[in-house]
Amino acid sequence: MIKTIRIWATTALLVCCAGLAVAQDRPWEDFDYPTLNNFDMPSLDIFELDNGIRFYLVEDKELPLIDVNVMVRTGGILVPDNKVGLQALTGTVMRSGGTREYPGDVLNELLEDRAAIMETSIGFTSGSASFNVLSEDFSDLLPVFVDLLRNPVFPEDRIELARTQQGSSIARRNDDQGAVAGREFQRMIYGQDSPYSRRIEYATLDNISRDDLMAFHQQSFVGRNMMIGVTGDFVMDEMKARLRDAFSAIPAGDELTLTFPEVDYEFTPGVYFVDKPDVNQSYVLLGHIGGMRDNPDYAALQVMNRVLSGGFSSRLMQVVRSELGLAYSVFGSFGSGVYFPGTFTAGVMTQSESTAQAITAIIGQIERLQDDAISEEELARTKDQFLNTLVFQHTSIASVLQERMSNDYAGLPPDTFERLVEEVSAVTVADVQRVARQYLRPDALRILVVGNSAELGDQLEVFGDVVEVDISIPGN
Amino acid sequence: MKTLISRIALGLAALAMSPALVYAQDLDAIAERVTEFTLDNGLHLIIIERPVAPVATFVTFVNVGGVDEPVNNTGVAHIFEHMAFKGSRNIGTRDWEAEQAALEKMDAAYQAWLEESYSSQPDEARLDALWQEFEQWQQAAGEYINSEEFSQLIEREGGVGLNAFTSADATGYFYSLPQNKAELWFYLEAERFRNPVFREFYVEKDVIMEERRMRTDSSPQGRLLEEFLSVAYSAHPYRNPVIGWASDIAATTMADTRKFFETYYVPSNMTVAIAGDVDPQAMRELAETYLGGLPAAKHPPSVKTIEPPQRGERRFVIEEQSQPLFIAGYKTVAADHPDAAALEMLSTILSSGRTSRLYRRMVQDEQLALAVQALTGFPGSRYPSLFVTFAVPNAGVALADIERVLNEEIDKAKAGEIAQQELDRAVTNARAGAVRGLNSNMGLALNMAQAHAQRGSWQQAFTYLDDLSAVTLDDLQRVAQTYLVKSNRTVGSIQNAAIQGGAGQ
């Protein structure tokens, strides 16, 4: 939370989101590109300690730094409904409170005097701890990092601080139009009581005690739940010995099982509206439930996503932005989750007056994917786009290690990416149309608009009965 | 990406190949991987060899921003930036000559329509007729367009991160390619900066109006910042929003944009930096082949307006439905002023990291704020700008308490209460931040191009750290006393209408 709010947001603008000529020069067709240089794929050293910690190591001498990244099998999915936010508080106070030997303020000075970084956080499907340090300081600070992982004290004053901060975030959660839209859309798709859409409330914060934080840490940060990646400027054998020495004391504990309940989804359309009188633009999200990563159609769906919304030359950008001028920001993608179903979400930010027109334009592009097969030319271009960017999958030694760890954490095979490349290469025009027909349901879209009702008028009624969504904050 | 370009200078820094922190003597090691040259037309190129992976990032940094815009055309720097993605005479069109004829008639019709609409008694019938004529030519021009061909060429060849930014001070264009496709970048960059065609111009202005609605009109923070700059500055163009005032975006024509482009997009005002797995000699040959053709031209004018001394504190309040925000700014100096380094260190000591003074007191100990930040060089650093403090109050905390504590902390700096350890820590973190920034092709290219463009040499990206190291406690006290004074200050806030109403009545 230290530097998350920047005030210069509006001072620099991006083009964020910034054919076939007759008798024109097309010299690019004759460019004779040299052969691409090789990327020497580094091999990873992987080993496990008796306590279950699995290490992934690779040397990278480019800079005099060492980076340690711990992935922890835990997450908000383990938290009961009446304590939503427990995992976030645990992750925050673990670091801010420090340990008995290195209390928060002492730890802060110790680290910042050496420009070292240690952070901990726990998300919905995983936890993490990171340690980035000049290599000359590594030996001195490694024991401090292990102490932080093992012995955080969760002092009451820092718990109170974290609670106050979360409370302030709740109070501010309706100020940002996009945040409102994102949050309410999740609730529309997964349901109000789903673990995939629930929110931190004042009431759930009040239910969280220091004992809860201690217990959550205790069950999570044990050897059997930890994977640790180490990259940087070190000598392999020395590093292995040092890690063994430092991490052996961490108890093995029990492996946590993260259980993700099924989503019971019925394809029904709906139109939902949140009134926000202080905006002159509508934030629109529309869609329905998405799918899972292990779907055999995953590759075809990725091609479809790119045709619809991958880059400036995608259909939504070309039509809704460049040709119609209805939006700066427009997007759409069928999401595939590793742990639970993603969402199919398309969206646009457009002036109040053109809200219905923009929604219609987006739906038109969704239907077009179903009605007309994409051309062979568009398929080739889209595949080229994907295949030519493969070289960016690994732009550093560390990226190889990160990819392997995240595949292992998610239970995906190490060659997941290589398989995807093969599958994408095999996708046909017919595949793209088939998956568009099978997985997209333009007849059953749930449409959410966060906008200014006085400017909007009755535009949304053409899409169905409009349900007004109450976003008032419980307990305010 | 929302980045104030001058902040990149802070994380700015170095190719520290062996030493732990970046020091001036290491410049030699860095220089071994840097090749620079200037073409006959005045265009300067910096090549940074970083053969870590077979990719490269290409940046064109133009020393023109919102600050350079003429009256009636605020936002034109950004409008041109958008037009630089629309192609050229060869890219994005089926028939450039026919298209060009239609585009000229389209713009003439728009200009006539504008003129009529600004007249004291606009003739409605004439307005309608002109608008119809405009739309007819717009449609005619549209017949020739190959939509998004420029982007397609890049994306198809594996280009990633295709984008650009416009700030108060500068405009930058960038993307990355597989390292063997540098020729495509040289060709396309020469096309867009030699013969840009402003196709889809008026539709793109609608896109930009949506961008304005998104960033400013519909965002509490956006509204606060726009109001803040317009109150803080009387005369200097830093008072204008980079996106432009809505009426100016509407009033800007293709002809206005072309004039701006021709004045400022001259080779001597542009710097190219390329970082990645590239061969400098090959880059030089490609540069001469493609970019050597950009015509040399007169170096553009600088801003002549000097902000007059402020005659007293300025304050404003915006009443809103959203939660309160606080901002205060003090007039200071440009980046090339000797006091800039001390102001930079002062802002770091005040708000960077968990040990900083404002974080520790306001966020952690007294829990007044969800977040607090001090920074220099806002909204730019080519000309004298502002030292800003910004706070997001916790629920229930009065803005008066936020302001009081910020003033107390500034008074401590004026009283010389900052300790040497705090200053040392700030310098150490600046140097380490520099090292951490070295593993990014994008960061290297952008920082070194900016250092050359704004401070005369890429080495400034590193030697700047020595200026920070030279700052003393006396300097910190002196700059606080000199600049952070009430009569030099602008204070603004968003107050919640309901809270204020409830409390006041």
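## Two chains in contact: a predicted model

The contact takes 81 residues from chain A and 100 residues from chain B. Two residues are in contact if their C-beta atoms, placed from the backbone, lie within 7 Å. This is a predicted model: local features need pLDDT of at least 70, side-chain atom pairs count only at pLDDT 80 or more, and totals for chains, interfaces and linings use all residues. Residues are numbered from 1 along each chain as its sequence is written, while chains are lettered from A and ligands numbered from 1 in the order in which they are written.

### The chain A side of the contact

On the side of chain A that touches chain B, the elements that give two or more residues are strand E1 (13-14), helix H2 (104-113), helix H4 (156-171), helix H10 (315-323), strand E13 (343-351) and helix H12 (376-388) of chain A. H4(A) gives the most, with 7 residues. Helices (H or I, at least four residues) and strands (E, at least two) are DSSP runs, numbered from the N terminus.

By type, this side of chain A divides into 37 nonpolar, 31 polar and 13 charged residues. Ala, Val, Leu, Ile, Met, Phe, Trp, Tyr, Cys and Pro count as nonpolar, Asp, Glu, Lys and Arg as charged, and the others, Gly among them, as polar.

B:Val52 gives a local view. Its place is in the loop between strand E2 (44-49) and strand E3 (55-62) of chain B. Leaving aside its neighbours within four places in sequence, B:Val52 is in contact with A:Glu62 and A:Ser396. B:Val52 has 16 C-beta neighbours inside 10 Å, so B:Val52 counts as partly exposed. A residue is buried if 20 or more other C-beta atoms lie within 10 Å of its own, exposed if 12 or fewer, and partly exposed in between, with C-beta atoms placed from the backbone. B:Val52 and B:Ala282 are 230 residues apart in sequence and 18 Å apart in space, C-alpha to C-alpha.

| Chain | Property | Value |
|---|---|---|
| A | Secondary structure | 16 helices and 15 strands |
| B | Secondary structure | 20 helices and 11 strands |
| A | C-alpha box along the principal axes | roughly 65 × 65 × 45 Å |
| B | C-alpha box along the principal axes | roughly 70 × 65 × 35 Å |
| A | Buried residues | 43% of the 476 residues |
| B | Buried residues | 58% of the 505 residues |

A compact globule of 476 residues would have a radius of gyration near 23 Å; chain A has 25 Å, which agrees. For 505 residues the rule also gives a value near 23 Å, and chain B, at 25 Å, agrees. The radius of gyration is taken over C-alpha atoms, and the globule rule is 2.2 Å times the number of residues to the power 0.38. In chain B, residues 24 or more positions apart account for 82% of the contacts with a separation of 6 or more.

### Chain A: a sheet and a helix

In chain A, 6 strands form an open sheet in the order E2-E3-E7-E4-E6-E5, with mixed pairing. Two strands pair if DSSP finds at least two bridges between them. The edge strands are strand E2 (45-48) and strand E5 (117-122) of chain A, and each pairs on one side only. The twist averages 15° from one strand to the next.

Strand E4 (residues 65-72) and strand E7 (residues 226-232) of chain A run antiparallel and are joined by 7 bridges. A:Ile66 has A:Gly232 in E7(A) as its bridge partner. Helix H8 (residues 236-247) of chain A packs on the sheet and touches E2, strand E3 (54-59) and E7 of chain A; its direction makes about 155° with that of E3(A). Axes are lines fitted to C-alpha atoms, for helices over the stretch in contact, and angles run from 0 to 180 degrees between N-to-C directions.

Helix H11 (residues 355-371) of chain A has 17 residues. From its first C-alpha to its last, H11(A) reaches 24 Å, close to the 24 Å expected at 1.5 Å a residue. The expected span is 1.5 Å times one less than the number of residues. Buried residues in H11(A) include A:Ala358, A:Ile359, A:Ile362, A:Ile366 and A:Leu369.

Chain B has an open sheet of 5 strands in the order E7-E11-E8-E10-E9, with mixed pairing. Strand E7 (314-320) and strand E9 (369-378) of chain B stand at the edges, each with a single partner strand, so one side of each is left without a neighbour in the sheet. Neighbouring strands are turned by 10° against each other on average, direction ignored.

Strand E8 (residues 325-331) and strand E11 (residues 489-496) of chain B run antiparallel, with 6 bridges between them. B:Phe326 has B:Ser493 in E11(B) as its bridge partner. Helix H9 (residues 220-232) of chain B lies across E7, E8, strand E10 (386-393) and E11 of chain B, at about 150° to E11(B). Helix H15 (residues 399-414) of chain B packs on the sheet too, touching E8, E9, E10 and E11 of chain B, and its direction makes about 140° with that of E10(B).
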